Each structure stands twice: as structure tokens, then as C-alpha cells.
Amino acid sequence: MSIDKRLIRKESLEKLFDILKQNKTIFAPVSKNGKISFKITDSFSSVEKEYIQTTQSSKESAFPRTEKILDFIKSKNSLDAKPFNVLEIPEVVLWGIRPCDAMGVGELNSIFNWDSKDEIYNSRLAKTTVIGFSCAKSDESCFCTSVGGNPGNTEGSDILFTRLGDGGDYLAEIITEKGAGIVALAPDIFQKPDNQDKNKYLAEVPVKFDRETIRKKLDRFFESEDWVERSLKCIGCGACAYVCPTCACFDIQDESHGKYGSRVRCWDSCGLSQFTLHTSGHNPREVQSQRWRQRIMHKFSYMPERLSIYGCTGCGRCSRACPVDMNILEHLISIQEVTL
Amino acid sequence: MMENIYMPYLMRIEKVTYEAPGVKTFMLKFINEDDQNNFNFKAGQFGEYSVYGVGESTFCIASSPTRKGYIECTFRQTGKVTNALAGCEEGNIVGFRGPYGNIFPLDEWKGKSLLFIAGGIALPPMRCVIWNALDLRENFKDVTIIYGARSVSDLVYKQELQDWEKRRDVKLITTVDPGGESPDWKGEIGFVPTIVEKVAPSSENTIAIVCGPPVMIKFTFPVLAKLGFKDENIYTTLENRMKCGFGKCGRCNVGKVYICKDGPVFTLAQLKQLPDEY
């Protein structure tokens, strides 16, 4: 569908929020202990409005950090197992996500639907409406424009709001049928068509590198010594993966109490030393440089080749979250500049 | 409609066979008859076996697709799940999901001779292909099996080794590492690559299938090259840690190649294209 543009008064945002919360669970950026994360909230006043980027990405709404995949009841010679009932998944509104997180939805989709379709992920996503907010500000970690995004990118959002100047009203771009469904719930709030140019209100994020160039260089970069040098300080904590909007690696574990139990899926990270460890003790990626290489290669070489999509949206969280200042942007720029 | 792709079939342990110290074979039957009727697999594929409440573990299907109504797996007790499996008894219920991965192309091998080379606990992934080929014996010319283990007691499928030994249409050579022989041992003594060199099977119109610990594989490939085997006629099966089995959990890839989807079966020609990450 073509993008329908409307104007929404700044006072009306709260009204829209209150209408949505009547029938849907709202995940929105909420501040706690100095960190801003997407939490379930029904209070508009608790929602953060001024932030460059949330500490955690919004992927948790469709890919929770721990989720049941099946339940079972077990006794000596009988077993009853039931798949997680996807009908239990609530209708969710993801409020206030940045265009880089919205773009991450496409990347997760590619992984969870590579040949075999992941029912649980797809059901969560089908019940999620994404309300994005363009970026008026950025910081030195942001690089969306180098990976196919921009601060006003509509990709992945159902509705995208852009604030028309400090303290101003909002331009609402209605991008999908789901977005149109939201407009239908509150037709009075979405006013007459508006054709203001949003671009002058967006943050400026300079292009830092060309991802196609990096992809081609990576084809011949696997054996490079550069991985060792660049990852010397990496402590393998996995924080980069946990804050990333596109990292989808997971573990599967069983939890049980007496005869009742569940099998759960939980976030994992290629940066952790046990990720690929065999039972025999052999580890194909036994040192940290091999794990850091996997992280970059997966996002900028393997995913483009196997899934026709890059695994990075330039949100910059991994660089902000890293306790030892590993910086993916710096490394990517250096790979671009290397002569092979 | 989509289904939960993580949902295992419920399987009853029909029979437990002790193979070697710490190694057991389970014969598993589907509890649900529809599951059994709809289930198909081919030689080389693998699955996720689970003990509910403990977790899942990845290994090949060790029985042949020509034997219907059940599957078998052989495992060594090493980690959390295999220890829990080892504690299971006949009649207990476990989970199985699969089959996953690619196959040994037996159809393409029609009219050729087959040379199987296995070491230790790596005979199970090959046993599936061996029985598949023996059940369709007229499709192939010579069938040679060279199998070695650290010691006599570490040889798995002892009953089947005796059966293969007796067959006139199979040439079986067994060997144990020096010092691993028992007083009544009649087979060879020596490491698998050495024995392959000594037996010197012909590479003429022959496919070699090699499975074993990395060190055995490393030294067997050059011997095969010397015997005239081309890289594209040498097959092996790889393993890496896995959780999902279908390309999502992110840990079994070797470079851009996913063992769960593109493998586990590879030719030596394909292996040579892979980075050293397995």
C-alpha cells in the first residue's frame, strides 16, 4: 500500500496510547536504574520520550530472552507433552521503537523462516504492531546510514511518527494494513493529510562505510591476523549479542520440578566460550578472536550470502554496551580500508 | 498451518544393547502410529534425542531406512543428556525430532564398489549406510569395511561384525590399536590409516566413506589419495554442537556452511573448500 501521511497533535499521542492499551499489551521504553528498556506499561507518563536509543533492543517482544517451547508431564513409563499454545500470545503494540530496531524485524524474520518456519516467533510477530519514532538525535555510535537504514526509515514499522521540530506535532506515516487498523481505532486523532517534509527534522548520521565493499573483502579475510589484534581486549561476555536487535542465536534447555517441566529457548551468544564446545572437549572456536570473527562474518558475509540480508542495522548498541570498548564501527571501517 | 518445529516424536525404548564401555544402542519405536507411518529418512541424516527434563542431544540415526517401523541410535555416555539416556531402561519414553540434514547419495553410487573406513564410536553413522547398501546388495559391486578401535572391548556392534565377517559378499577387516588386543584377537593390530595402506583397496570405480576421530581422518585422507581416490569420491560426515538442527540456533556453521542444513555429509572436495572451523 502507498504510505498515507497524517498529522497528529502532540497532545493526542497520550490519547492514542490510552486507546491502544484498552485491547493490547503495550511494550514501550521505560527507564529503570539509568537504563531504558522496552517494558510492558499502561502508563503514558512512564514512557520515555527523549532518548537517542534504548539500552536494550525491542527484539524481546517477538523473541523473548526465555520462552517456553513445550510443556510436559513425566512419570516412569508415561509422558504427556504439549507444544506451547500460540493462542496464548497477546496482541502487542511496540511503541516508540527506532527505525534501526524496526529494520531488525526483517533480519530476525529471515533467520526464523529459513526453510523451516518457526511458529512461535511468527505468531508473536503476527500479533505485534510496530509504532516507530524517527530519530531527531544521534550519537557517535550510530551508523544506520551505512547499513541501508536512515533516521526516518519506514521499513519494519506499521506506523512511523516524526516529530516536526522540538516540542512540535507529529507527522504520522501509515505504512501497512496493521497501521491502517490503528488509524481506524482512533480516526479523530489522525488529522487531515499532511505533506510536510520530515527530512529536515531528522538526525544527521554520516555514512561511515560501504557494506558491499566490506562483504567482498570479508570473502578473503577469514585467515587474517587482524581478528586476533582487534579482539585482544574482548572478554567474551556476550553483552553485544544481548543488546543487538538482530542477534538470534539461542540455546534450548529443559526445566523441571517433580514430574512437571518445560523445554525453553533462551538467548545465547557466539561470543561465549562454551557456545560451540563439544562434549569431547574439542572446540571449533576455542579462542576469542575466532568468536569475534564469527560475529562480524555472520552479520556481514554469511547472512548476506545465505539469507540475502545483512545482520546489522547500525543501532550502535554493541559499542555502547561493551565494557572494554570494542567498537564494531571502527573495525568495519578498518576492514574497508585494508588492502588485500 | 504452521507447526511447532521443536516438538519431538514420543518414542518408546524397545531394546537396549550394551555395545562397549559407556556405549549403548537404543531401538526406538514411535508411540503414535501415525507418526511411524509418516516418518521417512535417508542414510546420513541425524536427529535431536531428548530425555524430558534433562535436554536434547544430537546424533545420527544408526539404523538403515530399509528397516521400517523403528529407528536406532548409538551413543557414548559423555555429557548431561547422554548420561541421562544411559540411565533409561526398556519401556521408558524419550523424545526424537528429525530427520535433519543431507544424505549419503546411495542412488548415485549404484554400480560402484564401496569402501567403508571407520574408527571407534564413528561406526554408528556409517552402520546406517552399510546396512542400507547390504539390503540393496545387488546395486553395488565390492563392499569392504575397515573398522578399528582403541581396544577389542571398544569395538561396537560386535554381533554385527561377526555377521559381516561370515558374509561372502562383504570383506571385513577389523583392527585395534597396538596394545589394545586381547589374547584371542584374530584381527589386525595397528592404527586405521596404516591398515588401510596395508590392505590397499582398489580405487577403481570405488566410493570411500570415512568416519572417525579427527586424527584418524587426518591421516587416512592422504593414504586414500595415494591409492588413487579422487576427492569427490571420498565422503565423510561432520559433527558440531547443535541445538535446533535447522539453521537457526547459530552454532554449527563452518564459515558460511551449516552442518545441520548443508551437511552433515560432505565430500573431501567440499571439505577442502571449508575454513578450519570444525
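This is a short talk on how two chains are built and how their parts touch.

Hi everyone. A word on the ground rules: this is a predicted model, where local features need pLDDT of at least 70, side-chain atom pairs count only at pLDDT 80 or more, and totals for chains, interfaces and linings use all residues. Residues are numbered from 1 along each chain as its sequence is written, while chains are lettered from A and ligands numbered from 1 in the order in which they are written.

Let's start with chain A. It has ten helices and eleven strands; these are DSSP runs, with helices being H or I of at least four residues and strands E of at least two, numbered from the N terminus. The radius of gyration of chain A is 21 Å, close to the 20 Å that the globule rule gives for 340 residues, so chain A is as compact as a globular protein of that length. That radius is taken over C-alpha atoms, and the rule is 2.2 Å times the number of residues to the power 0.38. The C-alpha atoms of chain A fill a box of roughly 65 × 65 × 40 Å along the principal axes.

Now look at two helices in chain A. Helix α5 (residues 211-218) and helix α10 (residues 328-337) of chain A pack at about 70°, with axes 9 Å apart. Axes here are lines fitted to C-alpha atoms, for helices over the stretch in contact, and angles run from 0 to 180 degrees between N-to-C directions. How do we describe α5(A) relative to α10(A)? The angle makes α5(A) roughly perpendicular to α10(A). For that wording, 65 to 115 degrees counts as roughly perpendicular, under 35 as roughly parallel, over 145 as roughly antiparallel and the rest as oblique.

On to chain B, which has seven helices and 15 strands. Its C-alpha atoms fill a box of roughly 55 × 45 × 35 Å along the principal axes. The domain assignment of chain B gives domain 1 (9-100) and domain 2 (113-237), with bounds that come from an automatic or database assignment. The contact between them takes 15 residues from domain 1 of chain B and 16 residues from domain 2 of chain B; two residues are in contact if their C-beta atoms, placed from the backbone, lie within 7 Å. On the domain 1 side, β1 (9-20) and β5 (71-76) of chain B each supply at least two residues.

Chain B has a helix pair too. The axes of α5 (residues 192-199) and α6 (residues 214-226) of chain B come within 8 Å and cross at roughly 20°. That makes α5(B) roughly parallel to α6(B). Among the residues making this contact are Val196(B) of α5(B) and Phe219(B) of α6(B).

And the two chains together? Their contact takes 32 residues from chain B and 44 residues from chain A.

Last, some backbone details. Most residues other than glycine have a negative phi, and most peptide bonds are trans. Yet a cis peptide bond joins Gly98(B) and Pro99(B), with omega about 0°, and Pro99(B) sits in strand β6 (residues 93-100) of chain B. The bond from Gly263(B) to Pro264(B) is also cis, with omega near 10°; Pro264(B) is in the loop between β14 (257-258) and β15 (265-267) of chain B. In chain A, Ser308(A) has a positive phi, near 55°, and lies in the loop between α8 (288-307) and α9 (317-321).
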